[in-house]
Amino acid sequence: MKLLVTGGAGFIGSNFIRYWTVNHPDDEIFNFDKLTYAGNLENLKDVEKNPKYTFIKGDISNPDKVKKAIDGVDVIVNFAAESHVDRSILEPAPFVMTNIVGTQVLLDAALKFKIKRFMHISTDEVFGSLKLKDKSKFNERTNYNPTSPYSASKAGSDHLVRSYYFTYGLPINISNCSNNFGPYQFPEKLIPLVITNILEGKKVPVYGDGLYVRDWLYVEDHCRAIDLIIKKGKIGETYCIGGLTEDINNLSVIKKILNILGKDESVIEYVKDRPGHDRKYSIDWSKIKNELGWSPLHSFDEWLAYTINWYKENQDWWKRVKNKEYIKYYKKQYGSI
Ligand code: NAD
Ligand code: TYD
């Protein structure tokens, strides 16, 4: 089988490519990535010599580049996206261009080249926010109600993907997953930002009261879920993917990291809240469990400790990532802290 993985140089995409080369060594993988600030070929250093792996630099919103890359491909796994909420608040335009226009360009090419499956990677953020006291969770029937330019652009892409199934019969699947964590995550997201700031002796910025709840999914569990959907998922279906955490808030996550790194809470700095900040995400993953036999296997505490250790042992990687461009973004987002 030939896979075109878009956004394969990012956090989840690079973990997915590594996972796929190990679990399906006979398959050919083409990694199509624009190499934005978040794309980093160092994430795939151990894979790049694999003869079944090819990197193609390209933008998913460029129809000519996409058509060239897609010829002969069986499955597209679309990770390519602008992925950070705070950046979408600072500058929404690239989110619309990549997440919506780029996805539509890919869909057109998938149709033209009769792709066997278009696997679209989306987020639980399309559903908006739960209330802290809610016992209910997001599931495949939850209405879309996005609140940030990021989640609105991902919602737009989901609607387009589904429309190509209903209108043109394109064989698609969509997955809506919760917050991933693990190695190679760009240190703009909460967990790697906190770990690397602590390792650098810096403050840890907490938005608002810190009592926002996320559902944490270890990246390898996510990769396994995508694998099952590609192999066994029913065409046209959507699957929600979540982790093993029960209503853990940001402050508790940060305190766990501080505890593992042997630091006290004096490094915590409460900063201005994110506008439109969603209070809580929580995923009901019973559909993918019942239909495809998937459950998350990686507990939060154990794999958070593993992830912290990975960042401790790979300081060269994240020190290079925290470059001039990163520092410029950091100052814009956090001021002088
Ligand atoms: P990331 O920001 O780490 O990586 C995105 C990758 O896409 C980068 O390699 C970047 O260079 C590439 N890219 C961006 N624009 C492109 C374009 N126009 N053409 C080609 N490549 C482009 O993101 P991630 O955290 O790995 O997320 C991957 C996908 O999973 C995204 O679609 C995101 O919305 C979704 N998702 C992520 C999370 C999470 O917690 N990280 C949770 C739910 C869903
Ligand atoms: P983030 O990793 O940006 O993921 P998302 O917003 O897509 O869920 O943020 C996770 C949570 O952590 C979210 O509630 C915002 C919060 N947060 C902070 O408190 N401080 C920070 O510096 C960042 C980046 C996030």
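**Two ligands and their surroundings**

An oxygen atom of ligand 2 lies 2.4 Å from an N or O atom in the side chain of E125. This is a polar contact, that is, a pair of N or O atoms within 3.5 Å. The model is predicted: local features need pLDDT of at least 70, side-chain atom pairs count only at pLDDT 80 or more, and totals for chains, interfaces and linings use all residues. Residues are numbered from 1 along each chain as its sequence is written, chains are lettered from A and ligands numbered from 1 in the order in which they are written, and side-chain values use heavy atoms, with hydrogens and water left out.

R274 brings a polar side-chain atom to 2.5 Å from an oxygen atom of ligand 2. The protein buries 98% of the 510 Å² that ligand 2 exposes when taken alone (Shrake-Rupley method, 1.4 Å probe). In total, 18 residues surround ligand 2, each with a heavy atom within 4 Å of it. The strand β8 (204-207) gives the largest share of this shell, three residues; strands are DSSP runs of E, at least two residues long.

Around ligand 1 there are 28 residues, and I12, D33, S83, Y150 and K154 come nearest. A nitrogen atom of ligand 1 is 2.9 Å from an N or O atom in the side chain of D59. On the backbone side, an N or O atom of N180 lies 2.9 Å from an oxygen atom of ligand 1. Of the 830 Å² of accessible area that ligand 1 has on its own, the protein covers 97%. β5 gives the most to the shell around ligand 1, with three residues.

Note on methods. A polar contact is a pair of N or O atoms within 3.5 Å; within protein, one must be able to donate a hydrogen and the other to accept it, and residues adjacent in sequence count only if both atoms are side-chain atoms. Helices (H or I, at least four residues) and strands (E, at least two) are DSSP runs, numbered from the N terminus.
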